[in-house]
Amino acid sequence: MGLLHGRHAVVTGGGSGIGRAVCRRFAAEGAKVAALDIDGDSARETAKEIEGVALTVDVTDAEALRAAVDTAVESLGGLSILVNNAGGSTMAGLADWDPDEWDRIVRLNLTGVFNGMRAGVPHLLAGGGGAVVNTASISATRPSAGETPYSAAKAGVIALTASAALEYGPVIRVNAVAPGMIRTNLTRPLLEIVPDADALYGRLTPAARVGEPEDVADVVTFLCSDLARFVTGQTLVVDGGMTLHGAGVDGLFDRFFRGGHPHQR
Ligand SMILES: NC(=O)c1ccc[n+]([C@@H]2O[C@H](COP(=O)([O-])OP(=O)(O)OC[C@H]3O[C@@H](n4cnc5c(N)ncnc54)[C@H](O)[C@@H]3O)[C@@H](O)[C@H]2O)c1
(Lines give C-alpha, C1' and ligand atoms only; values in the text may rest on other atoms or scores of the structure.)
Protein backbone atom coordinates (compact mmCIF):
# COMPACT_ATOMS: atom_id res chain seq x y z
CA MET A 1 0.00 0.00 0.00
CA GLY A 2 1.28 3.51 -0.83
CA LEU A 3 2.61 5.87 1.83
CA LEU A 4 -0.34 8.22 1.23
CA HIS A 5 -3.07 5.67 0.56
CA GLY A 6 -6.52 7.20 1.14
CA ARG A 7 -5.22 10.77 1.58
CA HIS A 8 -6.64 13.85 -0.13
CA ALA A 9 -4.10 16.51 -1.11
CA VAL A 10 -4.14 20.07 -2.40
CA VAL A 11 -0.90 21.36 -3.96
CA THR A 12 -0.49 25.01 -4.98
CA GLY A 13 1.86 25.70 -7.87
CA GLY A 14 1.00 22.16 -8.95
CA GLY A 15 1.36 22.94 -12.65
CA SER A 16 5.15 23.00 -12.84
CA GLY A 17 8.51 22.10 -11.32
CA ILE A 18 8.49 21.01 -7.69
CA GLY A 19 4.68 21.25 -7.37
CA ARG A 20 4.09 18.97 -10.35
CA ALA A 21 6.63 16.46 -9.05
CA VAL A 22 4.87 16.51 -5.66
CA CYS A 23 1.50 15.84 -7.36
CA ARG A 24 2.98 12.90 -9.29
CA ARG A 25 4.65 11.35 -6.23
CA PHE A 26 1.55 11.84 -4.07
CA ALA A 27 -0.59 10.12 -6.69
CA ALA A 28 1.94 7.28 -7.00
CA GLU A 29 1.67 6.83 -3.20
CA GLY A 30 -2.11 6.48 -3.38
CA ALA A 31 -3.38 10.01 -2.70
CA LYS A 32 -6.12 11.82 -4.59
CA VAL A 33 -4.61 15.14 -5.66
CA ALA A 34 -5.79 18.61 -6.70
CA ALA A 35 -3.26 20.79 -8.54
CA LEU A 36 -3.97 24.50 -8.09
CA ASP A 37 -2.08 26.98 -10.24
CA ILE A 38 -2.40 30.47 -11.70
CA ASP A 39 -1.58 28.78 -15.02
CA GLY A 40 -4.70 26.69 -15.56
CA ASP A 41 -3.34 24.83 -18.61
CA SER A 42 -0.34 23.54 -16.69
CA ALA A 43 -2.54 22.51 -13.74
CA ARG A 44 -4.81 20.63 -16.15
CA GLU A 45 -1.79 18.84 -17.67
CA THR A 46 -0.70 17.69 -14.22
CA ALA A 47 -4.22 16.61 -13.28
CA LYS A 48 -4.70 14.70 -16.53
CA GLU A 49 -1.53 12.73 -15.93
CA ILE A 50 -2.53 11.66 -12.41
CA GLU A 51 -6.32 11.55 -12.83
CA GLY A 52 -6.58 14.40 -10.37
CA VAL A 53 -8.37 17.71 -10.07
CA ALA A 54 -7.17 21.00 -11.63
CA LEU A 55 -8.13 24.50 -10.56
CA THR A 56 -6.98 27.87 -11.81
CA VAL A 57 -6.30 30.29 -8.96
CA ASP A 58 -3.95 33.04 -7.87
CA VAL A 59 -2.71 32.28 -4.33
CA THR A 60 -2.36 36.00 -3.59
CA ASP A 61 -6.16 36.36 -3.82
CA ALA A 62 -7.32 35.16 -0.39
CA GLU A 63 -11.00 34.76 -1.23
CA ALA A 64 -10.38 33.13 -4.61
CA LEU A 65 -7.99 30.65 -3.00
CA ARG A 66 -10.48 29.84 -0.26
CA ALA A 67 -13.15 29.17 -2.91
CA ALA A 68 -10.76 27.04 -4.97
CA VAL A 69 -9.72 24.97 -1.93
CA ASP A 70 -13.40 24.50 -1.01
CA THR A 71 -14.09 23.27 -4.56
CA ALA A 72 -11.04 20.98 -4.51
CA VAL A 73 -12.04 19.48 -1.16
CA GLU A 74 -15.54 18.82 -2.43
CA SER A 75 -14.20 17.09 -5.56
CA LEU A 76 -11.62 15.05 -3.63
CA GLY A 77 -13.99 14.10 -0.82
CA GLY A 78 -11.94 15.70 1.98
CA LEU A 79 -8.57 17.21 2.84
CA SER A 80 -5.70 15.58 4.75
CA ILE A 81 -2.63 17.16 3.07
CA LEU A 82 -1.95 20.75 2.04
CA VAL A 83 1.21 21.83 0.21
CA ASN A 84 1.65 25.61 -0.08
CA ASN A 85 4.25 25.60 -2.83
CA ALA A 86 3.46 28.39 -5.34
CA GLY A 87 6.22 31.00 -5.38
CA GLY A 88 8.97 32.69 -7.35
CA SER A 89 11.13 35.78 -7.64
CA THR A 90 13.39 38.05 -9.66
CA MET A 91 16.59 39.87 -8.62
CA ALA A 92 17.39 43.51 -7.83
CA GLY A 93 19.40 45.56 -5.35
CA LEU A 94 17.68 46.29 -2.05
CA ALA A 95 17.19 50.02 -2.59
CA ASP A 96 16.30 49.51 -6.25
CA TRP A 97 13.24 47.33 -5.73
CA ASP A 98 10.12 48.94 -7.06
CA PRO A 99 7.81 48.95 -4.02
CA ASP A 100 5.01 47.34 -6.01
CA GLU A 101 7.31 44.53 -7.13
CA TRP A 102 8.52 44.11 -3.53
CA ASP A 103 4.90 43.77 -2.43
CA ARG A 104 4.13 41.32 -5.24
CA ILE A 105 7.00 39.02 -4.26
CA VAL A 106 6.12 39.10 -0.55
CA ARG A 107 2.43 38.54 -1.33
CA LEU A 108 3.23 35.59 -3.58
CA ASN A 109 5.77 33.86 -1.34
CA LEU A 110 4.53 34.67 2.18
CA THR A 111 0.94 35.93 2.06
CA GLY A 112 0.15 33.18 -0.46
CA VAL A 113 1.16 30.60 2.16
CA PHE A 114 -1.00 32.32 4.78
CA ASN A 115 -3.89 32.38 2.31
CA GLY A 116 -3.41 28.66 1.73
CA MET A 117 -3.39 27.92 5.47
CA ARG A 118 -6.46 30.12 5.98
CA ALA A 119 -8.29 28.22 3.25
CA GLY A 120 -7.09 24.71 4.16
CA VAL A 121 -6.89 24.56 7.95
CA PRO A 122 -10.68 24.48 8.56
CA HIS A 123 -10.96 21.48 6.22
CA LEU A 124 -8.00 19.71 7.83
CA LEU A 125 -9.55 20.22 11.26
CA ALA A 126 -12.97 19.11 10.03
CA GLY A 127 -11.42 15.90 8.70
CA GLY A 128 -9.70 15.11 11.99
CA GLY A 129 -6.24 16.45 11.11
CA GLY A 130 -3.43 16.02 8.62
CA ALA A 131 -0.17 17.47 7.40
CA VAL A 132 0.91 20.76 5.84
CA VAL A 133 4.18 21.39 4.01
CA ASN A 134 5.15 24.91 3.00
CA THR A 135 7.88 25.54 0.44
CA ALA A 136 10.52 27.87 1.86
CA SER A 137 14.01 28.11 0.33
CA ILE A 138 17.71 28.16 1.18
CA SER A 139 17.26 31.85 0.36
CA ALA A 140 15.69 32.00 3.83
CA THR A 141 18.18 29.82 5.70
CA ARG A 142 21.25 31.14 3.81
CA PRO A 143 20.34 34.26 1.76
CA SER A 144 22.36 35.69 -1.15
CA ALA A 145 22.63 39.27 -2.45
CA GLY A 146 19.90 40.52 -4.79
CA GLU A 147 16.92 38.59 -3.40
CA THR A 148 15.82 40.57 -0.34
CA PRO A 149 12.01 40.37 -0.67
CA TYR A 150 12.19 36.68 -1.59
CA SER A 151 14.60 35.86 1.28
CA ALA A 152 12.55 37.85 3.77
CA ALA A 153 9.29 36.28 2.60
CA LYS A 154 10.72 32.75 2.71
CA ALA A 155 12.15 33.41 6.21
CA GLY A 156 8.60 34.47 7.08
CA VAL A 157 7.36 31.12 5.77
CA ILE A 158 9.71 29.32 8.18
CA ALA A 159 8.42 31.39 11.12
CA LEU A 160 4.79 30.95 10.03
CA THR A 161 5.39 27.19 9.80
CA ALA A 162 6.75 26.97 13.35
CA SER A 163 4.00 29.18 14.73
CA ALA A 164 1.28 27.15 12.98
CA ALA A 165 2.79 23.89 14.27
CA LEU A 166 2.40 25.24 17.81
CA GLU A 167 -1.16 26.36 17.19
CA TYR A 168 -2.46 23.23 15.53
CA GLY A 169 -0.53 20.39 17.16
CA PRO A 170 -1.29 17.59 17.71
CA VAL A 171 -4.09 17.63 15.13
CA ILE A 172 -2.15 19.10 12.21
CA ARG A 173 1.60 18.73 11.64
CA VAL A 174 3.11 21.73 9.85
CA ASN A 175 6.59 21.57 8.28
CA ALA A 176 8.55 23.31 5.54
CA VAL A 177 11.11 22.32 2.95
CA ALA A 178 13.94 24.63 1.92
CA PRO A 179 15.08 23.58 -1.55
CA GLY A 180 18.51 24.48 -2.89
CA MET A 181 19.29 24.85 -6.60
CA ILE A 182 16.59 22.74 -8.30
CA ARG A 183 16.16 22.56 -12.08
CA THR A 184 12.73 24.09 -12.81
CA ASN A 185 11.22 26.92 -14.86
CA LEU A 186 12.14 29.25 -11.97
CA THR A 187 15.88 28.54 -12.10
CA ARG A 188 16.25 27.76 -15.80
CA PRO A 189 17.21 31.38 -16.67
CA LEU A 190 19.89 31.36 -13.95
CA LEU A 191 21.24 27.99 -15.03
CA GLU A 192 21.42 29.34 -18.58
CA ILE A 193 23.33 32.56 -17.79
CA VAL A 194 25.92 30.89 -15.57
CA PRO A 195 28.61 29.35 -17.82
CA ASP A 196 28.94 25.58 -17.29
CA ALA A 197 26.31 25.77 -14.54
CA ASP A 198 25.98 22.02 -14.12
CA ALA A 199 29.72 21.56 -13.69
CA LEU A 200 29.94 24.52 -11.31
CA TYR A 201 27.06 23.41 -9.08
CA GLY A 202 28.34 19.86 -9.23
CA ARG A 203 31.62 21.10 -7.72
CA LEU A 204 29.87 23.29 -5.13
CA THR A 205 27.45 20.60 -3.95
CA PRO A 206 28.47 17.55 -1.88
CA ALA A 207 25.76 15.59 -3.76
CA ALA A 208 27.69 16.63 -6.93
CA ARG A 209 24.79 17.85 -9.08
CA VAL A 210 21.94 20.33 -9.54
CA GLY A 211 18.75 19.12 -7.83
CA GLU A 212 15.72 17.79 -9.69
CA PRO A 213 12.08 18.47 -8.66
CA GLU A 214 11.73 14.83 -7.60
CA ASP A 215 14.50 15.31 -5.00
CA VAL A 216 12.21 17.76 -3.20
CA ALA A 217 8.96 15.90 -3.92
CA ASP A 218 10.27 12.79 -2.17
CA VAL A 219 11.03 14.78 1.00
CA VAL A 220 7.62 16.49 0.88
CA THR A 221 6.05 13.04 0.59
CA PHE A 222 8.00 11.81 3.62
CA LEU A 223 6.91 14.87 5.66
CA CYS A 224 3.26 14.30 4.72
CA SER A 225 3.38 10.59 5.50
CA ASP A 226 3.15 8.76 8.83
CA LEU A 227 6.90 8.18 8.62
CA ALA A 228 7.20 11.79 9.85
CA ARG A 229 4.53 11.42 12.56
CA PHE A 230 6.85 12.88 15.26
CA VAL A 231 8.14 15.77 13.07
CA THR A 232 6.45 19.16 13.20
CA GLY A 233 7.43 22.83 13.06
CA GLN A 234 10.62 21.97 11.16
CA THR A 235 12.26 23.22 8.00
CA LEU A 236 14.11 20.52 6.11
CA VAL A 237 16.86 21.80 3.80
CA VAL A 238 16.94 19.83 0.53
CA ASP A 239 20.02 21.16 -1.24
CA GLY A 240 22.43 18.24 -1.66
CA GLY A 241 24.56 19.92 1.01
CA MET A 242 25.23 23.02 -1.10
CA THR A 243 24.76 25.54 1.69
CA LEU A 244 27.62 23.93 3.59
CA HIS A 245 29.75 25.88 1.09
CA GLY A 246 27.52 28.84 0.14
CA ALA A 247 24.26 29.38 -1.73
CA GLY A 248 23.56 28.70 -5.39
CA VAL A 249 22.82 32.29 -6.32
CA ASP A 250 25.86 33.73 -4.49
CA GLY A 251 27.58 36.26 -6.76
CA LEU A 252 24.98 36.13 -9.56
CA PHE A 253 23.53 39.50 -8.63
CA ASP A 254 26.92 41.21 -8.88
CA ARG A 255 27.79 39.42 -12.11
CA PHE A 256 24.56 39.74 -14.03
CA PHE A 257 21.97 41.98 -12.42
CA ARG A 258 23.49 44.91 -10.54
CA GLY A 259 24.47 47.39 -13.30
CA GLY A 260 24.07 51.14 -13.26
CA HIS A 261 25.04 51.74 -9.64
CA PRO A 262 28.83 52.20 -9.51
CA HIS A 263 28.67 53.27 -5.84
CA GLN A 264 27.47 49.77 -5.01
CA ARG A 265 30.33 48.01 -6.70
N1 LIG B 1 13.71 25.79 -8.14
C2 LIG B 1 14.46 26.09 -7.09
O3 LIG B 1 15.69 26.03 -7.13
C4 LIG B 1 13.80 26.52 -5.80
C5 LIG B 1 14.63 26.73 -4.71
C6 LIG B 1 14.06 27.13 -3.51
C7 LIG B 1 12.70 27.30 -3.41
N8 LIG B 1 11.92 27.11 -4.50
C9 LIG B 1 10.47 27.31 -4.34
O10 LIG B 1 9.79 26.18 -4.82
C11 LIG B 1 8.48 26.55 -5.18
C12 LIG B 1 8.15 25.99 -6.56
O13 LIG B 1 9.01 26.61 -7.48
P14 LIG B 1 9.58 25.86 -8.77
O15 LIG B 1 11.04 25.95 -8.71
O16 LIG B 1 8.93 24.55 -8.93
O17 LIG B 1 9.12 26.88 -9.90
P18 LIG B 1 8.13 26.75 -11.16
O19 LIG B 1 8.14 28.10 -11.76
O20 LIG B 1 8.50 25.58 -11.97
O21 LIG B 1 6.72 26.45 -10.49
C22 LIG B 1 6.02 27.43 -9.78
C23 LIG B 1 4.53 27.26 -10.07
O24 LIG B 1 3.81 28.22 -9.27
C25 LIG B 1 2.82 28.81 -10.09
N26 LIG B 1 2.48 30.13 -9.59
C27 LIG B 1 3.23 31.26 -9.67
N28 LIG B 1 2.56 32.30 -9.14
C29 LIG B 1 1.37 31.81 -8.70
C30 LIG B 1 0.24 32.40 -8.08
N31 LIG B 1 0.22 33.71 -7.78
N32 LIG B 1 -0.80 31.61 -7.78
C33 LIG B 1 -0.80 30.29 -8.08
N34 LIG B 1 0.24 29.69 -8.68
C35 LIG B 1 1.31 30.44 -8.99
C36 LIG B 1 3.45 28.86 -11.47
O37 LIG B 1 2.47 29.02 -12.50
C38 LIG B 1 4.18 27.54 -11.53
O39 LIG B 1 3.35 26.51 -12.03
C40 LIG B 1 8.42 28.07 -5.08
O41 LIG B 1 7.85 28.44 -3.85
C42 LIG B 1 9.88 28.47 -5.10
O43 LIG B 1 10.10 29.70 -4.48
C44 LIG B 1 12.42 26.72 -5.70
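1. Let's start with Asp 196, which sits in the loop between α7 (188-193) and α8 (197-204). Helices here are DSSP runs of H or I with at least four residues, strands are runs of E with at least two, and both are numbered from the N terminus. Phi of Asp 196 is near 50 degrees, a positive value in a residue other than glycine. Asp 196 counts as exposed because it has 9 C-beta neighbours inside 10 Å. For the cut-offs, a residue is buried with 20 or more other C-beta atoms within 10 Å of its own, exposed with 12 or fewer, and partly exposed in between, the C-beta atoms being placed from the backbone.

2. A word on the model before you read on. It is predicted, so local features need pLDDT of at least 70 and side-chain atom pairs count only at pLDDT 80 or more, while totals for chains, interfaces and linings use all residues. Residues are numbered from 1 along each chain as its sequence is written.

3. Some other backbone spots deserve a look. Most residues other than glycine have a negative phi, and most peptide bonds are trans. Ala 208, in the loop between α8 and α9 (213-224), has a positive phi of about 70 degrees although it is not a glycine. Ala 208 is exposed, with 11 other C-beta atoms within 10 Å. Glu 51, which follows α2, has a positive phi near 55 degrees. The peptide bond from Gly 169 to Pro 170 is cis, with omega near 0 degrees, and Pro 170 belongs to the loop between α6 (148-168) and β6 (172-179).

4. Now for the ligand. Around it are 28 residues, of which Gly 13, Ser 16, Gly 17, Gly 87 and Thr 184 come nearest; a residue is near a molecule if its C-beta atom, placed from the backbone, lies within 6 Å of it. The shell divides into 16 polar, nine nonpolar and three charged residues. In that count Ala, Val, Leu, Ile, Met, Phe, Trp, Tyr, Cys and Pro are nonpolar, Asp, Glu, Lys and Arg are charged, and the others, Gly among them, are polar. Helix α1 (residues 17-28) gives the most to this shell, with three residues.

5. The largest nonpolar core has 74 residues, of which Leu 36, Ala 72 and Val 220 touch the most other members. Such a core is a set of buried Ala, Val, Leu, Ile, Met, Phe, Trp, Tyr and Cys residues joined through C-beta atoms within 7 Å. Its largest share, eight residues, comes from helix α4 (residues 99-126).

6. Strand β5 (residues 130-135) is covered on both faces: Gly 130, Val 132 and Asn 134 are buried on one side, and Ala 131, Val 133 and Thr 135 on the other. Strand β4 (residues 81-84) pairs with β5 in the parallel sense over four bridges; pairing requires at least two DSSP bridges. Val 83 stands opposite Val 133 in β5.
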